[in-house]
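User: I would like to learn how to read a few features of a fold. Could you take me through them one at a time?

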Amino acid sequence: ALSLVLLAGAGLLLKSFQRVLAIDPGFRADHVLVARLQPPYPRYGSDTVVRSFYDRVLERTSAIPGVRAVGLTQRVPLARGNPQENVVAEGHEPRPGEPVVVSNLRFVTPGYFAAMGTPVLEGRGFTASDGPSAPHVAVVDETFAKRYWSHAASAIGKRIAHQGDTSATRWWTIVGVVRNVRHTALEETPSLQVYEPHAQRTVWTMYLVIRAAIEPRALVSAVRAQVAAVDPEIPLFEVHTMDEAVSRSLATRRLTNVLLGAFAGAAFVLAAIGIYGVISIGVAGRTREFGVRLALGARPAELLQLVLRQGAWLAALGIAVGLAGATWVVRFLRSLLFGVSAFDIPTFLVATGVLAAVAIGASLIPARRATRVAPAVVLRE
């Protein structure tokens with residue numbers, strides 16, 4: 001019964017973990033190197049100086065052998081923090097008293113989507129022409145486009161504004177739609193996302209994102225050298241690969257799976273040993289009975305069925321109690337599950353089938369021993 005509770009819980013977590021791994025995060029984590037940069041204030045005291053620094057960094061790092069694409073973003077997926085801002089979609093302005101919708105907000109450079117491997121589904125990404133003096137443009141994700149313009153032919157050309165400011169100079173025109181990206185966790189529900197050119201809304205601290213043709217860690221020293229060539233006093237920090245970021249985001253879930261799986265495996269072994277021990281003791285105590293049965297004409301197959309039936313009844317009782325306990329315990333696992341019901345029938349059936357098979361297998365050895373009892377020896381005793 002206890003083994004079934006643990007097996008069912010471990011099965012649910014394992015199935016949930018597989019569902020998480022199968023999620024499309026909206027980016028390609030392989031061969032991506034990430035590093036953070038922060039020009040110091042007041043030496044970098046204006047947007048123009050900051051943009052000039054980052055432009056030179058992008059130019060030099062893109063020339064490193066083995067670099068396929070390079071870009072900058074205010075925040076990479078699965079990093080700490082999630083910048084957000086009130087956003088108003090044209091034609092969907094809130095009425096007085098209604099709350100303004102909050103959207104995730106990222107400022108990126110033209111090469112970011114290629115470097116992160118986020119596909120542009122419609123329209124275009126940012127280009128060098130989207131500069132400070134150019135018309136304000138934005139890229140949104142699928143969720144944002146479907147929420148406001150699901151009945152329109154396209155979200156391209158539609159406009160958004162920030163902080164409820166819908167004055168003539170504060171509209172941003174949508175030029176592209178990209179795939180939904182899981183920013184805070186792989187299992188999160190995609191939320192509204194807006195991207196804007198870093199040249200039009202400059203921030204100081206940025207993440208350098210590099211897609212490599214080789215092992216990304218091999219580029220760290222070369223990237224450090226190129227940044228130092230631009231400004232030797234600005235270090236790289238939070239250097240990691242996106243594969244490492246994905247792995248870290250799954251660490252707690254993976255540890256929970258390992259621990260519960262280990263307990264379930266131990267309980268599984270103990271259940272098999274326990275059932276075998278109980279049935280063996282029962283068979284040993286009935287040796288004389290089996291000898292008399294055989295002497296009176298019972299067939300070995302009938303004794304085999306007799307012992308197996310006893311084991312099956314014990315297993316059935318344990319499974320019944322275990323199922324009742326599992327349906328109560330798994331309610332506390334709901335917060336750890338993703339894409340799987342706490343009462344997932346296939347998982348319960350597999351756990352039940354495995355334990356039933358173990359019970360029959362553990363009963364089979366003493367049952368076969370019972371069929372080999374020699375009637376003459378037993379009667380002489």
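Predicted model: local features only at pLDDT ≥ 70, side-chain atom pairs only at ≥ 80, totals over all residues.

User: What is the phi of L78, and is L78 buried or exposed?

Analyst: Phi of L78 is near 70°, a positive value in a residue other than glycine. L78 counts as buried because its relative accessibility is 16%, and buried means under 20%. E238 also has a positive phi without being a glycine, at about 55°. E238 sits in strand β11 (residues 237–241) and is partly exposed, with a relative accessible area of 27%.

User: Which peptide bond is cis?

Analyst: The bond from Y41 to P42, with omega near 15°. P42 belongs to the loop between β1 (32–37) and α2 (47–62).

User: Now the strands. How should I think about side chains there?

Analyst: In a regular strand, side chains alternate between the two faces of the sheet. Here, Q193, Y195 and P197 point one way from β9, while V194 and E196 point the other way, and all are buried. Strand β9 (residues 193–197) is thus a mostly covered strand, with five of its five residues buried.

User: Which strands are joined to β9?

Analyst: Strand β4 (residues 102–108) runs parallel to β9, with five bridges, and R106 stands opposite Y195. Strand β6 (residues 137–141) runs antiparallel to β9, with two bridges; there, V139 has Y195 as its bridge partner.

User: Why is β2 described as largely enclosed?

Analyst: Six of the seven residues of β2 (residues 67–73) are buried, so the rest of the structure largely encloses this strand. Six bridges join β2 to strand β10 (residues 206–212) in an antiparallel arrangement, with A69 opposite R211.

User: And how do I read a helix?

Analyst: An α-helix has 3.6 residues a turn, so residues three or four places apart point the same way. Take α9 (residues 300–329): its 30 residues reach 43 Å from first C-alpha to last, close to the 44 Å expected. Its buried residues include L303, V307, G311, A315, G318, G322 and A326.

User: What do the buried residues of α9 pack against?

Analyst: They pack against α1 (2–21), α7 (251–285), α8 (287–295) and α10 (345–371).

User: Which residues make the nonpolar surface patch?

Analyst: L255, L259 and F263 make this patch of about 330 Å². L255 lies in helix α7, one of the helices that the buried residues of α9 pack against.

How values were computed: Residues numbered from 1 in each chain as written. Heavy atoms only, no water. Helix = DSSP H or I, 4+ residues; strand = E, 2+ residues; numbered from the N terminus. Expected span 1.5 Å × (residues − 1). Buried < 20%, exposed > 50% of the residue type's maximum accessible area, 1.4 Å probe, protein only. Contact = heavy atoms within 4.5 Å. Patch = residues over 30% accessible without salt bridge, like charges linked within 9 Å, V, L, I, M, F, W, Y side chains within 5 Å. Areas by Shrake-Rupley, 256 points an atom, 1.4 Å probe, with all protein chains shown as cover. Salt bridge = Lys/Arg side-chain N within 4 Å of Asp/Glu carboxyl O. Pairing = 2+ DSSP bridges.
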